[in-house]
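User: I've got this model open and want a quick tour before setting anything up. Take me through it as questions and answers, please.

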Amino acid sequence: MTYILRIQAPDEKALIYKITSLLQNFNITKNNEFVDFEQGLFFFRAQFTGENSIDGLREQLLEVLPPNSEVSIEPKHSPKLILLCTKENHCLGDILLRRESNELDVQILAVIGNHDTLRPLVERFGIPFFTITHEGCTREEHEQKLLDCIAHIGQTELLVLAKYMRILSPDFVAHFRHRILNIHHSLLPAFVGANPYKQAYNRGAKIIGATAHFVTDVLDDGPIIAQDIIKIDHNYTIKDMQQAGHDIEKIVLARALKLVCEQRVFVYQNKTIIF
């Protein structure tokens, strides 16, 4: 059995020794650590294997770690997720293909769209598709229908907004704290909100990019997981930017999704530590 150990703790001397001493009956195959000296915080991630029981290990770690430490130990597994989409197919299709080829080790429980446009694409992969239209109802009514659908599908660990072009309310986000992953088509914090390619065009930008981040109450302001760029010049029209941006959007979203599903992302103070 393979396990993932994650620790966030106030920094002090000999923490790695204290942690690894309690893992001496296991085989540590990977480990990473980082100290934020300004905040005095210690972050640690280890992957370890063994047939011994881990019962009581978390409590033992908390006994030797400083007060207010956070410890999680989970078996390595394929996370269950639900994808949300609107009409654009590049990010959604990329994730479906990466899952089909085992490049992404995830279980896609279903796809939910506020339009029916992408149903044929999704059903080619044998994945259930649910249409929850936003038309003819308030945002609160629409989001309640989303929550009901998600509850019907079953226990999900992550929601992925694969170009889901709806702003989610704080009430909805509160149900999935740091469990909603979004792709934004700009290099945040630049060009927040709608039409970032048009904003970049109007500013004469020489690079465009994409940002994968967790969703919070503030639009496009959540902890950043992954980013990348493409160089452009004055010859690019807005349409050219959009076409070039599609490639970087799907790459960045897939990269971030892989990091999150492998439990390599720590969130604190609206920032991330990536191992």
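User: Where is the place of Lys-198?

Analyst: Quick ground rules: this is a predicted model, so local features need pLDDT of at least 70 and side-chain atom pairs count only at pLDDT 80 or more, while totals for chains, interfaces and linings use all residues. Residues are numbered from 1 along each chain as its sequence is written, and side-chain values use heavy atoms, with hydrogens and water left out. Helices (H or I, at least four residues) and strands (E, at least two) are DSSP runs numbered from the N terminus. Going by those runs, Lys-198 belongs to helix 7.

User: Does Lys-198 count as buried, partly exposed or exposed?

Analyst: The cut-offs are under 20% relative accessible area for buried, over 50% for exposed, and partly exposed in between (1.4 Å probe, protein chains only). Lys-198 comes out at 45%, so the label is partly exposed.

User: How far apart are the C-alpha atoms of Lys-198 and Met-241?

Analyst: Along the chain, Lys-198 and Met-241 are 43 residues apart.

User: How many residues does the largest nonpolar core have?

Analyst: A nonpolar core here is a set of buried Ala, Val, Leu, Ile, Met, Phe, Trp, Tyr and Cys residues joined through side-chain atoms within 4.5 Å. In the largest one, Leu-81, Leu-83, Leu-92 and Leu-257 have the most contacts. Helix 8 (residues 238–261) gives the most to this core, with 8 residues.

User: What does Leu-92 touch, beyond residues up to four places away in sequence?

Analyst: Contact means heavy atoms within 4.5 Å. By that test, the partners of Leu-92 are Leu-83, Cys-85, Val-111, Leu-118, Leu-121, Val-122 and Ala-162.

User: How many residues are in the second, separate core?

Analyst: In general, nonpolar side chains in soluble globular proteins tend to be buried together. Here the second core includes Leu-5, Ala-9, Leu-23 and Val-71, and its total is 19 residues.

User: What is the volume of the largest pocket?

Analyst: On a 1 Å grid over the protein atoms alone, a pocket is an open set of points where a 1.4 Å probe fits, with protein on both sides within 12 Å along at least five of seven lines; lining residues have an atom within 4 Å of a point. Grid points are joined across faces, edges and corners, and a volume is the space filled by probe spheres set on the points. For the largest pocket, that gives about 690 Å³.

User: Which element gives the largest share of the lining of the largest pocket?

Analyst: Among the 21 lining residues, Arg-6, Glu-74, His-178, Gln-263 and Val-265 are closest to the centre. Strand 1 (2–10), strand 4 (70–75), helix 8 and strand 12 (265–268) are the elements that give two or more residues. The largest share is 4 residues, and it comes from strand 4.

User: Which residues are closest to the centre of the second largest pocket?

Analyst: This pocket has a volume of about 580 Å³. Of its 28 lining residues, the closest to the centre are Tyr-164, Met-165, His-184, His-185 and Gly-193.

User: How many disulfides does a search of the whole structure find?

Analyst: A disulfide needs a pair of cysteine sulfur atoms within 2.5 Å. The search of the whole structure comes back with 0.

User: How far from Cys-85 is the nearest cysteine sulfur?

Analyst: Cys-85 is buried, with a relative accessible area of 0%, and Cys-91 is buried too, at 1%. The sulfur nearest to that of Cys-85 belongs to Cys-91, at a distance of 11 Å.

User: What is omega for the peptide bond from Leu-188 to Pro-189?

Analyst: Pro-189 is in the loop between strand 9 (180–184) and helix 7. The bond is cis, with omega near 10°.

User: What is the phi of His-178?

Analyst: His-178 lies in the loop between helix 6 (170–173) and strand 9, and is partly exposed at 24%. Its phi is positive even though it isn't a glycine, with a value near 55°.

User: Does Asn-195 count as buried or exposed?

Analyst: Asn-195 is in the loop between strand 9 and helix 7, and has a positive phi of about 55° although it is not a glycine. At 53% relative accessibility, Asn-195 counts as exposed.
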